[in-house]
Amino acid sequence: MPHVLTDIARSLMQSPIHTFALYLLSNVPGFPPVIQTVHILGVTAIMASIVMIDLKVLGLALPSQGTAELVHRLMPWMWWALPAQAISGLTLVLARPLRYAVNPVFGLKFTMLVPAILLAALFHLTSIKDPLFWERSSGRRVSARLIAGLSLLLWVGVVFAGRWIAYADYLFAME
Amino acid sequence: MSLVDLWPWLESLPLAAAIGESWWFPLLESIHVLTATFLVGSILMVDLRLLGLAATTYPVSRVVRETVPWTYSASVISVITGLGLFITRASHYVDNRAFQIKLVLLVLAGLNMAVFHLATARGMAHRDDAAMTSTGARFAGASSLLLWVGVMLAGRWIGHLN
């Protein structure tokens, strides 16, 4: 698997989009902190949507607001944040693809991100079909709490891993 | 002791060395980022409500009441972890332009919040349920939004300056 990633990274480095991303990051004053801030603001939207819903389902936050209503109201913020995250994140990755391909924390981040997004989609889609889906039986209520707890841990893990990519660079630098 | 002596003194603390020379620094920084995004996320929920852009069917006071505990808890952890990072290179950070701007924006954001909670929010009880809030409340929401985006941008910029 790591070979596949480094192969992809090497072919990306032949592409004009790599040259363009690298040019933006190296030559436009303030571009790196601005693009990173866009990425962090996207995380803010994740916190105010799916993470808040997780806390609500766990009985910790927003006591007077209904879960189904919250899902309906907050989840669009997450789905709008994700493309912004992909664009800002890809700009950084395309500029230095090999740096990320050889960084195990980068892989770890996506290993947690994919199930986190799938759990959010599961929760949202079932709530669209039936707003009370997760409240119809005690078994479902327990399942909803387990999903929320796992989702919360995964999102915290994604944020931590995202921050640690830069630290892992010192340990796994290859470029 | 004057302020000029304070920064090297902070750096000379055993705690500063313990954080700066170990995995404590990245750990504290990760917690700082996590709680800062959560803190700003909880504030955005209120700001967007004040601007009439979200949660318009909920009274403003209810959105405020249910998010403020999270905002405060996240602030406390952000400040503690931020101080832990700060003391490792205090004299470097006080000279860092991005750090200086971040602190000014933080103070402004805090003042903005205080004015809103102490004055504006009290005067709007009679229209708590209204989707469209008063001009003062919308101003508070918009300025809070801008100030916190500024805090994050300046905060992220600190590491790019040497």
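The structure is a predicted model. Chain A has seven helices and zero strands, and 23 residues from chain A meet 23 residues from chain B where the two chains touch. The largest nonpolar core has 65 residues, and helices of both chain A and chain B give residues to this core.

**Chain A as a whole**

- Read from the N terminus on, the elements of chain A follow the order α-α-α-α-α-α-α, with no strands among them.
- Taken along the principal axes, the C-alpha atoms of chain A fill a box of roughly 55 × 35 × 25 Å.
- Chain A has 175 residues, of which 33% count as buried.
- When contacts in chain A between residues at least 6 apart in sequence are considered, 81% of them join residues at least 24 apart.

**The nonpolar core**

- Within the core of 65 residues, those with the most contacts inside it are A:Ile46, A:Met78 and A:Trp155 from chain A, together with B:Trp148 and B:Val151 from chain B.
- In chain A, the elements that give two or more residues to this core are helix H3 (31-57), helix H4 (67-95), helix H6 (104-129) and helix H7 (138-172), while in chain B they are helix H3 (24-50), helix H4 (60-86), helix H6 (97-123) and helix H7 (135-158).
- Leaving aside residues up to four places away in sequence, B:Trp148 touches B:Val40, B:Ile43 and B:Ala109.

**The contact between the chains**

- The contact takes 23 residues from each of chain A and chain B, and on the side of chain A that touches chain B, the elements that give two or more residues are H3 and H7 of chain A.
- H3(A) provides the largest share of this side of chain A, namely 11 residues.
- Divided by class, the side of chain A that touches chain B has 16 nonpolar, five polar and two charged residues.

**Helix H3 of chain A against helix H7 of chain B**

- The axes of H3(A) and H7(B) come within 9 Å and cross at roughly 130°, and the two helices are therefore oblique to each other.
- The crossing in which H3(A) passes H7(B) is right-handed.
- On the H3(A) side the residues that meet the partner helix are A:Pro33, A:Gln36, A:Thr37, A:Ile40 and A:Leu41, and on the H7(B) side they are B:Val149, B:Met152, B:Leu153, B:Arg156 and B:Trp157.
- This contact of H3(A) with H7(B) has seven nonpolar, two polar and one charged residues.

**Helices H3 and H4 within chain B**

- H3(B) and H4(B) pack with their axes 8 Å apart and at an angle of about 155°, and they are therefore roughly antiparallel to each other.
- The crossing of H3(B) and H4(B) is left-handed, and the residues of their contact divide into 17 nonpolar, 10 polar and two charged.

**Two loop residues with positive phi**

- Most residues other than glycine have a negative phi.
- A:Leu62, although it is not a glycine, has a positive phi of about 45°, and this residue lies in the loop between H3 and H4 of chain A.
- With 21 other C-beta atoms within 10 Å, A:Leu62 is buried.
- B:Ala55, a residue other than glycine, has a positive phi near 50°, and its place is in the loop between H3 and H4 of chain B.
- B:Ala55 has 20 other C-beta atoms within 10 Å and is therefore buried, since a residue counts as buried if 20 or more such atoms lie within that distance.

How values were computed: Residues are numbered from 1 along each chain as its sequence is written. Chains are lettered from A and ligands numbered from 1 in the order in which they are written. This is a predicted model: local features need pLDDT of at least 70, side-chain atom pairs count only at pLDDT 80 or more; totals for chains, interfaces and linings use all residues. A nonpolar core is a set of buried Ala, Val, Leu, Ile, Met, Phe, Trp, Tyr and Cys residues joined through C-beta atoms within 7 Å. A residue is buried if 20 or more other C-beta atoms lie within 10 Å of its own, exposed if 12 or fewer, and partly exposed in between; C-beta atoms are placed from the backbone. Helices (H or I, at least four residues) and strands (E, at least two) are DSSP runs, numbered from the N terminus. Two residues are in contact if their C-beta atoms, placed from the backbone, lie within 7 Å. Ala, Val, Leu, Ile, Met, Phe, Trp, Tyr, Cys and Pro count as nonpolar, Asp, Glu, Lys and Arg as charged, and the others, Gly among them, as polar. Axes are lines fitted to C-alpha atoms, for helices over the stretch in contact, and angles run from 0 to 180 degrees between N-to-C directions. Angles under 35 degrees count as roughly parallel, over 145 as roughly antiparallel, 65 to 115 as roughly perpendicular and the rest as oblique. A crossing is left-handed if the near helix is turned anticlockwise from the far one by less than a right angle, and right-handed if clockwise.
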